[in-house]
Each structure stands twice: as C-alpha cells, then as structure tokens.
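I am opening a notebook on a structure that is new to me.

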Amino acid sequence: MLPTTSVSSRSQGNGALSPRDAARHTAGAKRYKYLRRLLHFRQMDFEFALWQMLYLFTSPQRVYRNFHYRKQTKDQWARDDPAFLVLLSVWLCVSTVGFGFVLDMGFFETIKLLLWVVFIDCVGVGLLIATLMWFISNKYLVKQQNRDYDVEWGYAFDVHLNAFYPLLVILHFIQLFFINYVIISDSVIGYFVGNTLWLIAIGYYIYVTFLGYSALPFLKNTAILLYPFALLILLYLISLACGWNFTKMLCSFYKYRVK
C-alpha cells in the first residue's frame, strides 16, 4: 500500500486525496521541489547517483527497481534528487573537453562544442524524445483497465537520461582512445571499430529505454520499443558494406558546427 493511500490522507474515506495532499503531489509542486534541491548540493545523494551510473552498465534492471521503491515511498516515479543530472553534466563537460582535445580544437571551439553537446545533443534531443515517448506511452501503451494511471513526463525524461548515459560514455569517452589512430583512418578496421561502438551505444539506449517503460506495471506491449533493434542492425550491416564511417562523419559535423 502506498503512503498516500492511508486513511489519514483521504478525505472522508471517499478515496480522494485531501486538497493539501493533492497540492503536494501536483506536477508543479514536484518540479519546484526538484529545482529547489538543485541549488543545495548538500541535499543531493551523489553516492547513490554513482551507484545508478554503475548499474546502468552492469544491471539496469536494478536501477528501475529503485524507481518502484520511490513510487511506493514518495508516490512518484520520476527522480526527486537532481544528483544524477548534476553528475551527468560533469560527464558531459569532461568528455566534451576530451573530444575537443582529440580533434585538436581551440579553447573557444571547445566551448562552442560543449554548448552544442549540452543544449542540443542532451537537453534538446532529450526534451524531444521524452515528450514523444510520454505522448506515445500515454496514448497507446496504457492498459485499458488502468486509465487512472499515466506516465509522468519527468519519468520519461529520466528514462532518456538513463539511456543517454551509457551512450555518452561509449561514444564520448571510450571511443576517444581509438579515434585518431584507428577509427578515422581510411581502412576497413577503422569504420568497423567505430560503427561497432555506435551499434553498442545505440543498442544500449534502446534497451535501457525499453526497461524503463516495461518497469511501469500499467503499460502494455512495451516490447514494441525493441523493434528499432532490427533497423539498427540493418543500418549497421549496410554501413559496413558501403564503408560508411559514422564517427568520421560525427567529427566532421562537430568541426563544422564550431567554425
């Protein structure tokens, strides 16, 4: 039984939340609490956020199991602690600086690249994907008998951040050690290594996203979120056959954007 379903939190036993409790559980109230904690580093649990980052690679199911616990104790699926977002931002900064160094960019070019990666690649694309998935899941995946439940937009954005983190580490950190000497060379091994890393990174993104929505008990047919795997593998095979080098294309794009 959730804490919000106790007798004391009900109004006259009719199953409705009292006005005071209802106000505390609105999206605006949750957003205000989240943003307020963003200004108080001592209130953030960075150790737990690091634990989540580790298990997103080794056992992402355990991360979403914790989301269940949060729902039971705090009556919300989305994170109420911005520590994960703060650490992800640090990762973005460090990895982007490394990317700028590997691509031999100047100081101001690296700053431009950092702004692009943070506000476009992570936040901008994340807002778009989270909103799209929030709409699709609420419109088509909610079980008919559970229409009183819906997917929180904040949870959809959390799922994106969870899926984005392994992709970031693979493409913006691990890949850095192979770019200049292996990947961007005009050889078969170059685009094979680079494209394989892209396959693993995007595959992680799809899988972690699937786990995020399949963890919600009121959603159905979440297996369709795994369908993009077929297109991903097909595109990977075509890229190897045609000699496309995704990493080389990304590096050229980044250099063009910072000019």
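These entries follow the chain from its overall make-up down to single residues.

**Entry 1: the model and the whole chain.** I note at the start that this is a predicted model. I looked up the secondary structure and found 11 helices and 0 strands. Read from the N terminus, the elements run α-α-α-α-α-α-α-α-α-α-α. I then checked burial: 43% of the 259 residues are buried. Next came contacts between residues at least 6 apart in sequence. Of these, 72% join residues at least 24 apart.

**Entry 2: the record.** I turned to UniProt, where an unreviewed entry places "transmembrane region" at residues 83–102, 114–136, 163–184, 196–219 and 225–247. I looked at two of these spans in the model. Residues 114–136 are 100% helix and 0% strand, and their end C-alpha atoms lie 31 Å apart. Residues 163–184 are 68% helix and 0% strand, with end C-alpha atoms 26 Å apart.

**Entry 3: a helix pair.** How do α6 and α7 pack? I found an angle of about 135° between helix α6 (residues 107–141) and helix α7 (residues 153–172), with the axes 9 Å apart. Angles over 145 degrees would count as roughly antiparallel, and 65 to 115 as roughly perpendicular. So α6 is oblique to α7. The crossing of α6 past α7 is right-handed. I listed who makes the contact. From α6 come V117, D121, C122, G126, L127, I129, A130, T131 and W134. From α7 come W153, A156, F157, H160, L161, F164 and H172. Sorted by class, the contact has 11 nonpolar, 4 polar and 1 charged residues.

**Entry 4: an aspartate in α7.** I picked D158, which lies in helix α7. Is D158 buried or exposed? Its relative accessible area is 4%, so D158 is buried. I looked for its neighbours, leaving out residues up to four places away in sequence. D158 touches F67, A78 and R79.

**Entry 5: two loop aspartates.** D75 has a positive phi of about 60° and is not a glycine. D75 sits in the loop between α4 (60–74) and α5 (83–102). D104 also has a positive phi of about 60°, again without being a glycine. The loop between α5 and α6 holds D104. D104 has 69%, so I count D104 as exposed.

Definitions and conventions:
Residues are numbered from 1 along each chain as its sequence is written. This is a predicted model: local features need pLDDT of at least 70, side-chain atom pairs count only at pLDDT 80 or more; totals for chains, interfaces and linings use all residues. Side-chain values use heavy atoms; hydrogens and water are left out. Axes are lines fitted to C-alpha atoms, for helices over the stretch in contact, and angles run from 0 to 180 degrees between N-to-C directions. Helices (H or I, at least four residues) and strands (E, at least two) are DSSP runs, numbered from the N terminus. Angles under 35 degrees count as roughly parallel, over 145 as roughly antiparallel, 65 to 115 as roughly perpendicular and the rest as oblique. A crossing is left-handed if the near helix is turned anticlockwise from the far one by less than a right angle, and right-handed if clockwise. Contact means heavy atoms within 4.5 Å. Ala, Val, Leu, Ile, Met, Phe, Trp, Tyr, Cys and Pro count as nonpolar, Asp, Glu, Lys and Arg as charged, and the others, Gly among them, as polar. UniProt positions are given in the numbering used here, feature names are shortened, and annotations may be inferred rather than shown by experiment. Buried means under 20% relative accessible area, exposed over 50%, partly exposed in between (1.4 Å probe, protein chains only).
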